[in-house]
Amino acid sequence: MIMTLLTPLVLLVKSQPQGYTLVYSAPRAYGVDWMDIKAVYMKTEENRLYFYVEYYGAMPNSGDYYRVLYIYMDTDRNTQTGELWEELGRDYYIYFYLYGDNASSYASLYR
């Protein structure tokens, strides 16, 4: 008698982070994994705003590589207020900088 044990096949599918809303998704632009942004997600909790940025690949572990990220926000949905930039009324923006070897990183909020 031969007995076959069947177990369910579990597929690991990476999906949107729990509690986050997709705000940006684009096809690959450069073909360089660590540079190409795959998606940007956002969520709010109480009085905080969170961003989750997903890249196609990991950045090389070296101080020779770095990522710069700008997140522009038009908080009042009025293009006539804030700093005019590419037809947006940019009221705030976040500037984020990270070195590949994690030697230095910082983020700033501008109004």
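Two strands are taken to pair if DSSP finds at least two bridges between them. In the predicted model described here, strand β7 (residues 92-99) meets this condition with β8, the two pairing in the antiparallel sense over 6 bridges. Across this pairing, Tyr 97 stands opposite Tyr 106, a residue of β8.

The pair formed by β7 and β8 belongs to an open sheet of 3 strands, in which the order is β4-β7-β8 and the pairing is antiparallel. Strands β4 and β8 (105-110) form the edges of the sheet, each of them pairing on one side only. On average, and with direction ignored, neighbouring strands of this sheet are turned by 10° against each other.

The relative accessibility of Tyr 72 is 31%. Because partly exposed residues are those between the limits of 20% for buried and 50% for exposed, Tyr 72 is assigned to the partly exposed class.

A further position examined was Leu 22, which is located in strand β1 (residues 21-25). Leu 22 has a relative accessibility of 42% and therefore likewise counts as partly exposed. When residues up to four places away in sequence are not counted, the contacts of Leu 22 are with Gln 16, Ala 39, Val 40 and Tyr 41. The separation between the C-alpha atoms of Leu 22 and Phe 51 is 9.9 Å, while these two residues lie 29 residues apart along the chain.

With regard to the protein as a whole, the secondary structure consists of 8 strands and 0 helices, and the pattern read along the sequence is β-β-β-β-β-β-β-β. The protein has 111 residues, of which 23% count as buried. When contacts between residues at least 6 apart in sequence are considered, 31% of them join residues at least 24 apart.

Terms used: Residues numbered from 1 in each chain as written. Predicted model: local features only at pLDDT ≥ 70, side-chain atom pairs only at ≥ 80, totals over all residues. Heavy atoms only, no water. Buried < 20%, exposed > 50% of the residue type's maximum accessible area, 1.4 Å probe, protein only. Helix = DSSP H or I, 4+ residues; strand = E, 2+ residues; numbered from the N terminus. Contact = heavy atoms within 4.5 Å. Axes fitted to C-alpha atoms, helices over the stretch in contact; angles between N-to-C directions.
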